[in-house]
Amino acid sequence: MSIDFGRPTTVVRSPKEGWSARIDVRTVTVCLVLVALALAIGVIALGSGDYQVPIGDVLGALFGEAPARIHMVVVEWRLPRVLLALMLGAALGMSGAIFQSLTRNPLGSPDIIGFNSGAYTGALVVILLIGGTYYEIAVGALVGGIATAAVVYLLAYKRGVQGFRLIIVGIAISAMLGSVNTWMILKAKLDDAMAAAVWGAGSLNGLGWTQVWPVVVVLAILVPLILVLGRRMQMLEMGDDAAKALGVRAEPTRLSLVVLGVALTAMVTAAAGPIGFVSLAAPQLVRRLTGSAGVTLLPSAAMGGALLMVSDWVAQRAFAPTQLPVGVVTVSIGGIYFVWLLAREARKQ
Amino acid sequence: MSVGLDKSAVDKSPADKSASDKHTEELIDESLQEKQKQPDGLVSTNSRRMAGLLVCLVVLAAVLLLSIAVGSKTIPFGTVIDALVNYDDSNDHVIIRDLRLPRTLLGLIVGMALGVAGGLIQAMTRNPLADPGILGVNAGAGFAMVVAVAVFGLTSIWSYIWFAFLGAVIATAIVYTLGSIGRGGATPIRLTLAGVAIGSVLGGISSGITLLNPTAFDQMRQWNAGSLSGRSLEIVLAVAPFILIGLFLALALARQLNAVALGDDLARSLGANITRTRILGVIAVTLLCGAATAAAGPIGFVGLMVPHVARWFVGPDQRWILPYTLVCSPILLLFSDVVGRIVLRPGELQVGIVTAFIGAPVLIMLVRRSKVSGL
Amino acid sequence: MIGEGTRNSVNETSTAAVVAERTNRLRAEDVTIGYDKRVISEHLDVEIPDGGFTVIVGPNACGKSTLLRALSRLLKPTTGKVLLDGKAITSYPAKEVARRLGLLPQTSIAPDGIKVADLVARGRYPHQKLIRQWSREDEAAVINAMEATKVTDLSARPVDELSGGQRQRVWVAMVLAQQTPLVLLDEPTTFLDIAHQIELLELCRDLNENDGHTLVAVLHDLNHACRYGTHIIAMKDGAVVAEGPPAEIITEELVQEVFGMACRIIDDPVSHTPLVIPLGRERQRNIEGAKV
């Protein structure tokens with residue numbers, strides 16, 4: 001006799017039951033399709049630009065032999081950007097999934113703790129006052145973001161952190177920092193201000209291989225830790241009581257997940273500036289496709305990677321030869337996402 | 001949430017309407033007193049509330065005077081009075097009449113508009129954290145302004161103010177329409193979602209345009225700070241009618257808003273006409289917020305905080321919250337403006353920036369006092 | 001001689017009783033429990049008889065749920081300790097506790113869109129590891145749990161589409177899938193209609209009598225408690241007023257003391273357990289008048 005889970009499921013077990021797993025067919029299919037889609041767009045992006053490269057040559061440059069010039073364009077110039085779009089998008093999707101699961105709210109996002117505003121402030125200080133390089137800006141953003149998150153947490157702490165107090169303090173601090181940012185942009189020279197605003201919109205312009213490796217290392221550390229906590233995160237969605245009754249240590253798990261989620265967001269912000277909406281939209285969009293209960297980590301990452309890949313390609317090509325910051329595209333897509341949410345809400349009635 | 005329009009609440013003959021409207025009002029009042037789980041506010045009797053209001057009026061008068069008297073150039077108080085009463089064309093008098101007076105008046109009406117719009121939005125969306133900008137007003141005004149600069153090359157506030165106002169109105173109309181499709185009409189969740197949606201799309205496009213067009217970027221970064229300076233009396237007179245209509249509408253809706261605060265089903269069962277209240281409320285918010293933002297740029301916190309604090313003082317009755325908000329919002333705004341004039345003398349700190357610095361710590365302080373957690 | 005034998009057997013009985021006391025799997029020793037600064041119960045000593053169906057009864061806010069939460073480790077006592085199998089319950093790893101003790105909380109949240117079978121399957125979490133996520137035992141446990149609560153037909157449906165009663169049965173199935181020797185239930189019958197309430201309580205009795213689970217439940221209905229419970233703990237204002245088998249301790253005086261309600265107690269014609277019949281105001285006056 002077997003259980004009807006309401007959807008096609010496969011069970012895989014090793015012969016002596018050393019390991020076993022229950023696999024949801026639809027979820028895996030959606031993930032594979034999204035990854036394939038993201039890679040396909042990536043290949044197209046590798047071939048397009050001021051210097052068009054036919055797909056055959058792109059694949060050749062990636063996997064086999066290609067003339068030196070094509071190899072340089074595809075692998076040395078464009079490939080890092082494509083890889084970053086995929087990896088940072090995946091990180092954003094996963095981070096969004098963590099926050100939406102923990103807050104049990106489809107609009108949950110790391111910015112309730114004021115992280116993005118603080119990161120922008122830190123970056124602006126470096127860009128406008130110190131005139132720093134990419135790494136200094138990244139450090140500034142990290143320091144600003146983390147310091148802000150810590151301040152918000154501390155101010156919201158009064159014998160424990162209530163969700164509601166955290167949100168209000170986050171809004172208040174974000175607003176204050178937002179004012180500081182507006183003022184700094186206002187007072188700077190026009191050129192500097194525009195450069196800063198480009199960073200503030202989130203951009204993958206000009207990023208190369210040296211920016212790729214730190215991201216790979218950080219993801220290699222964070223992602224396995226998050227996946228290990230994945231089942232516990234699922235249990236927490238049933239409420240603290242039910243989760244504790246099943247043997248999950250609620251507070252430590254939650255704290256770890258928050259730290260890991262913020263770390264993911266911090267990594268993306270440091271690498272490319274604050275990119276909006278991917279972490280908000282990816283988990284919900286992929287939920288709609290997989291029909292799964294609650295938010296899921298790997299599918300959200302797959303969707304995030306696909307979303308950012310597409311957005312970056314649009315940002316590069318839409319107004320060619322001018323390149324838009326990818327954050328502008330994601331924010332506009334974000335609006336359409338909310339319209340979709342609305343239509344869904346309307347249909348639910 | 002709401003499921004459908006209750007026709008019986010709508011179709012009534014005129015004679016019946018007045019009697020039943022009155023009855024409805026009584027029911028709403030009773031229900032409000034019985035069913036409100038929130039505390040009745042610090043100031044709990046009507047006479048004390050009236051006294052508080054008078055105190056606030058006095059403070060407002062003082063701040064108005066302060067705003068006329070203080071500025072980057074120190075002008076003796078006697079001269080200030082002189083300029084108002086015995087105007088002659090001296091330099092100081094010109095400053096008073098042509099710079100500070102319009103600025104003060106603008107601060108007064110913009111403050112009132114933002115505060116009351118905030119109170120309306122909070123009541124209509126039943127969300128104490130709602131800011132009047134969530135209906136897309138700021139995004140619409142900003143977007144229209146960016147288009148005006150980038151496409152039409154207009155660069156002064158006087159030239160693009162009407163664009164901004166129109167942009168605000170159209171954005172709000174789109175948000176409201178978007179929020180009303182489907183059964184149930186424009187529920188608070190839908191309005192909020194629609195507002196965020198339109199706000200982000202317009203914000204994204206504005207961002208895109210300004211990052212490609214330096215002139216537009218320059219205008220936008222100045223507009224973004226929210227400022228009362230550089231606006232002449234004509235601007236004040238231009239937006240005043242819209243603001244006054246909006247205020248009038250808002251105050252007239254106060255009682256109906258009390259019903260809406262009880263929840264759609266309960267309000268409907270008491271006979272309140274929710275759709276009409278909502279539409280009129282949105283119109284009021286559009287007029288108030290649109291005109292204020294068009295004239296002064298986006299100024300945050302006033303609309304978020306003042307109705308909040310007013311509710312803390314007088315309890316959840318909109319008939320008290322709105323008047324208090326009306327008087328206290330300009331106090332906050334003008335005071336912030338005065339601080340902005342002093343802090344960086346001889347330069348200035350824009351009022352939009354100052355309000356955040358004053359408002360945020362107060363908000364944090366409030367939320368740390370456990371008694372206020374019931375919003 | 002008879003006297004000596006009796007004395008010996010009395011001694012043996014009391015020794016046996018003491019030994020039995022020491023081996024009760026779940027007990028609270030001198031616990032003080034409360035929330036924030038509010039103390040609900042002080043210096044409470046509670047023993048849960050092994051193999052029994054213990055029911056905790058009492059008026060609202062008497063501390064029943066608080067006690068249950070303390071017993072299930074959800075609430076940490078400020079003084080004293082809760083002992084599971086002789087050791088402090090806080091000394092076990094969380095998953096180990098979850099393998100011995102299951103809890104049906106008062107309120108749980110069903111994740112958006114989750115299907116019944118998925119939710120029940122989550123009850124197997126304490127028995128699973130990172131690499132052993134779905135063993136044959138897991139599958140069998142879930143199938144049995146769904147059959148016992150009669151939700152097998154619903155297994156492919158989303159939980160949020162079910163009625164209140166069906167949903168509650170699914171939560172019970174999840175706790176059953178956990179296969180713990182001790183099961184705690186916090187007001188399990190609240191959202192159920194009378195037929196489903198009885199069905200659930202019959203299921204509890206089966207678990208207790210046939211499968212040997214030790215059950216502890218907080219119930220509102222005194223008659224249900226009498227009918228199905230083997231051991232009643234009556235609480236008021238955070239203290240235990242009486243405990244013991246229903247037939248012994250449920251008296252008209254106790255009901256008056258604990259609930260402040262006048263009643264008549266008769267023998268339930270079906271189950272032969274105490275049946276509490278509230279008198280209500282008019283009848284009370286009539287009776288008092290008649291007494292005078």
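A crossing of two helices is called left-handed if the near helix is turned anticlockwise from the far one by less than a right angle, and right-handed if clockwise. Helices (H or I, at least four residues) and strands (E, at least two) are DSSP runs, numbered from the N terminus. By that convention the crossing of helix 4 of chain A and helix 5 of chain A is right-handed.

This is a predicted model, in which local features need pLDDT of at least 70 and side-chain atom pairs count only at pLDDT 80 or more, while totals for chains, interfaces and linings use all residues. Residues are numbered from 1 along each chain as its sequence is written, chains are lettered from A and ligands numbered from 1 in the order in which they are written, and side-chain values use heavy atoms, with hydrogens and water left out.

**Helix packing**

The axes of helix 4 (residues 115-130) and helix 5 (residues 134-156) of chain A come within 6 Å and cross at roughly 140°, where axes are lines fitted to C-alpha atoms, for helices over the stretch in contact, and angles run from 0 to 180 degrees between N-to-C directions. In this contact (heavy atoms within 4.5 Å), helix 4 of chain A takes part through residues including A:Gly118, A:Gly122 and A:Val126, and helix 5 of chain A through residues including A:Gly140, A:Gly144 and A:Ala149. The residues of this contact divide into nine nonpolar, six polar and one charged, where Ala, Val, Leu, Ile, Met, Phe, Trp, Tyr, Cys and Pro count as nonpolar, Asp, Glu, Lys and Arg as charged, and the others, Gly among them, as polar.

In chain B, helix 14 (residues 302-314) and helix 16 (residues 351-368) pack at an angle of about 35°, with their axes 10 Å apart, and helix 14 of chain B passes helix 16 of chain B in a left-handed crossing. Among the residues that make this contact are B:Met305 and B:Trp312 of helix 14 of chain B and B:Gly359 and B:Leu363 of helix 16 of chain B. By class, the residues of the contact are seven nonpolar, three polar and no charged.

**Interfaces between chains**

Of the two pairs of chains that touch, chains A and B have the most contacts, whereas no contact joins chain B and chain C, whose closest C-alpha atoms lie 14 Å apart. The table uses buried area, the accessible area (1.4 Å probe) that two parts lose on being put together, summed over both.

| Pair | Residues in contact | Buried area and share from carbon and sulfur atoms |
|---|---|---|
| chain B and chain A | 50 residues from chain B, 47 residues from chain A | about 3900 Å², 78% |
| chain A and chain C | 37 residues from chain A, 43 residues from chain C | about 3500 Å², 55% |

Between chain B and chain A there are zero salt bridges, a salt bridge being a side-chain nitrogen of Lys or Arg within 4 Å of a carboxyl oxygen of Asp or Glu, and four residue pairs are in polar contact (both at pLDDT 80 or more). A polar contact is a pair of N or O atoms within 3.5 Å; within protein, one must be able to donate a hydrogen and the other to accept it, and residues adjacent in sequence count only if both atoms are side-chain atoms. On the side of chain B that touches chain A, helix 8 of chain B gives the most, with 15 residues, and the classes there are 29 nonpolar, 15 polar and six charged residues.

Across the interface of chain A and chain C the rule finds four salt bridges, and the side chains of A:Arg287 and C:Asp112 meet in a salt bridge (3.8 Å, N to O). Here 14 residue pairs are in polar contact, and the side of chain A that touches chain C divides into 14 nonpolar, nine polar and 14 charged residues.

**Salt bridges overall**

Over all chains, 22 salt bridges are found. B:Asp337 forms a salt bridge with B:Arg103, the closest N and O atoms being 2.8 Å apart. Because B:Asp337 lies in helix 15 (residues 318-343) of chain B and B:Arg103 in helix 5 (residues 91-124) of chain B, the pair ties together parts that are 234 residues apart in sequence.
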